[in-house]
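Thanks for passing this one along. Here are my notes, in the order in which I would go through them with you.

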Amino acid sequence: TSALQKAYKELLIINNDLDILTYRASHDLKSPVASLDGLCNLALMEMPENDTASFYFSKIRNIAVSMGTLLDSLSRLRDMK
């Protein structure tokens, strides 16, 4: 049972480390992703729709939105645990 208790303590430590990593990843990345989304949105509002740059800003914005959704899911997963 001593080995089992030791393994359990190690599992708790690893689980705690995983929680910290998940929290930091989701929260530390949300701000830059939101900034990227906002800046792309501003750029899109100031240029014509048929401009080539607007096509690329739209693509970047879609990726930022997808990344934000992924980070929200990661945060919810951590909260459910």
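At what angle do helix 1 and helix 2 pack, and how far apart are their axes? Please keep in mind as you read that this is a predicted model.

1. Helix packing. Helix 1 covers residues 2-46 and helix 2 covers residues 52-80; they pack at an angle of about 155°, and their axes are 8 Å apart. An angle over 145 degrees counts as roughly antiparallel, so helix 1 is roughly antiparallel to helix 2. The crossing of the two helices is left-handed. Sorted by class, the residues in the contact of helix 1 with helix 2 are 15 nonpolar, eight polar and six charged.

2. Overall form. In secondary structure, the protein chain has two helices and zero strands. The radius of gyration of the chain is 20 Å, whereas the globule rule gives 12 Å for 81 residues; the chain is therefore more spread out than a compact globule. As for burial, 15% of the 81 residues count as buried.

3. Salt bridges. How many salt bridges does the structure hold? There are two, and I take each of them in turn below.

4. D72 and K30. These two residues form a salt bridge in which the closest N and O atoms are 3.3 Å apart. Since D72 belongs to helix 2 and K30 to helix 1, the pair ties together parts that lie 42 residues apart in sequence. D72 has a relative accessibility of 34% and so counts as partly exposed. K30, with a relative accessible area of 28%, is partly exposed.

5. R61 and D37. The other salt bridge to look at joins the side chains of R61 and D37, with 2.6 Å from N to O. Here R61 sits in helix 2 and D37 in helix 1, and the pair links distant parts of the chain, 24 residues apart. R61 is partly exposed, its relative accessible area being 28%.

6. M67 is part of helix 2. Its relative accessibility of 43% means that M67 counts as partly exposed.

7. S35 and D79. Where does S35 lie? You will find S35 in helix 1. The C-alpha atoms of S35 and D79 are separated by 24 Å, and the two residues are 44 residues apart along the chain. S35 is partly exposed, at a relative accessible area of 39%.

8. Is I63 buried or exposed? With 58% relative accessibility, I63 counts as exposed, because the cut-off for exposed is over 50%. This residue is in helix 2. Between I63 and L12 there are 35 Å from C-alpha to C-alpha, for a separation of 51 residues along the chain.

To sum up, I would keep two things in view when you turn the model around: helix 1 and helix 2 are roughly antiparallel, and the pairs D72 with K30 and R61 with D37 are salt bridges.

Key:
Residues are numbered from 1 along each chain as its sequence is written. This is a predicted model: local features need pLDDT of at least 70, side-chain atom pairs count only at pLDDT 80 or more; totals for chains, interfaces and linings use all residues. Side-chain values use heavy atoms; hydrogens and water are left out. Axes are lines fitted to C-alpha atoms, for helices over the stretch in contact, and angles run from 0 to 180 degrees between N-to-C directions. Helices (H or I, at least four residues) and strands (E, at least two) are DSSP runs, numbered from the N terminus. Angles under 35 degrees count as roughly parallel, over 145 as roughly antiparallel, 65 to 115 as roughly perpendicular and the rest as oblique. A crossing is left-handed if the near helix is turned anticlockwise from the far one by less than a right angle, and right-handed if clockwise. Ala, Val, Leu, Ile, Met, Phe, Trp, Tyr, Cys and Pro count as nonpolar, Asp, Glu, Lys and Arg as charged, and the others, Gly among them, as polar. A salt bridge is a side-chain nitrogen of Lys or Arg within 4 Å of a carboxyl oxygen of Asp or Glu. Buried means under 20% relative accessible area, exposed over 50%, partly exposed in between (1.4 Å probe, protein chains only). The radius of gyration is taken over C-alpha atoms; the globule rule is 2.2 Å times the number of residues to the power 0.38.
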